[in-house]
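Thanks for coming. I will walk through one structure, starting with confidence and ending on a single residue.

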Amino acid sequence: MSDDTIYKIFIKRIKHWETVPEEFYKEYMRDTSRFRQANQRRGLCFCSKRLFWLCDTDCVNCKFSKASKELSLDMSVPTEYGDILLAEMIPSDDEDILDAYVLSKLIEDMYDEMEDMNIEYKHMCELVMQGKSKREAARILGMSHSTFNYRFKKLTCKLRHKLEDSYQ
């Protein structure tokens, strides 16, 4: 090709031809051709060879694309309550929302119970919830490891019984 060749790409959205450097043109055409040909092999694109310059890999808005068998979870679907995403319509296999509610209620009740505890038990719970090991928590509170374990076990049994009574 001669040096005076002008490389242009058609920008479909604004219906405008844009002059681009040769390197960019070749890379762009290579990428769009691969994309278009892959979709043609899958039966999703029916763009004729003489109109290849129209391909901008935006198959959703292309008049040559066939409706895809694939769906995106980001697609919106009109309903009587307004548009919602397909992802919002997928039923859950388990009861995540209910489980999350029960867990949050359980934690809330546990904190309420902790408010009624003596200060030592509160500190024990706080240290364990901060990620301290029982040995570290015992050292911080100035008690032996076995004393801490005994009191912590007594505390957790007390909490468990109070919370079990609330959820039965």
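**Confidence, layout and one arginine**

Confidence in the protein is lowest in strand E3 (residues 76-79), with a mean of 70, and highest in helix H4 (residues 134-141), at 90. That score is pLDDT, the predictor's confidence in each residue, from 0 to 100. Helices (H or I, at least four residues) and strands (E, at least two) are DSSP runs, numbered from the N terminus.

This is a predicted model, in which local features need pLDDT of at least 70 and side-chain atom pairs count only at pLDDT 80 or more, while totals for chains, interfaces and linings use all residues. Residues are numbered from 1 along each chain as its sequence is written, and side-chain values use heavy atoms, with hydrogens and water left out.

Across the protein the mean pLDDT is 77, and 78% of residues reach 70 or more. Where pLDDT is low, the predicted coordinates should not be read in detail.

Now the layout. The protein has five helices and four strands, and along the sequence they follow the pattern β-β-α-β-β-α-α-α-α.

How much of the protein is buried? Of its 168 residues, 20% are buried, meaning under 20% relative accessible area, with exposed over 50% and partly exposed in between (1.4 Å probe, protein chains only).

Last, the arginine. Arg-36 sits in helix H1 (residues 22-41). Its relative accessibility is 8%, so Arg-36 counts as buried. Leaving aside residues up to four places away in sequence, Arg-36 touches Cys-45, Cys-47, Phe-52 and Cys-55, where contact means heavy atoms within 4.5 Å.
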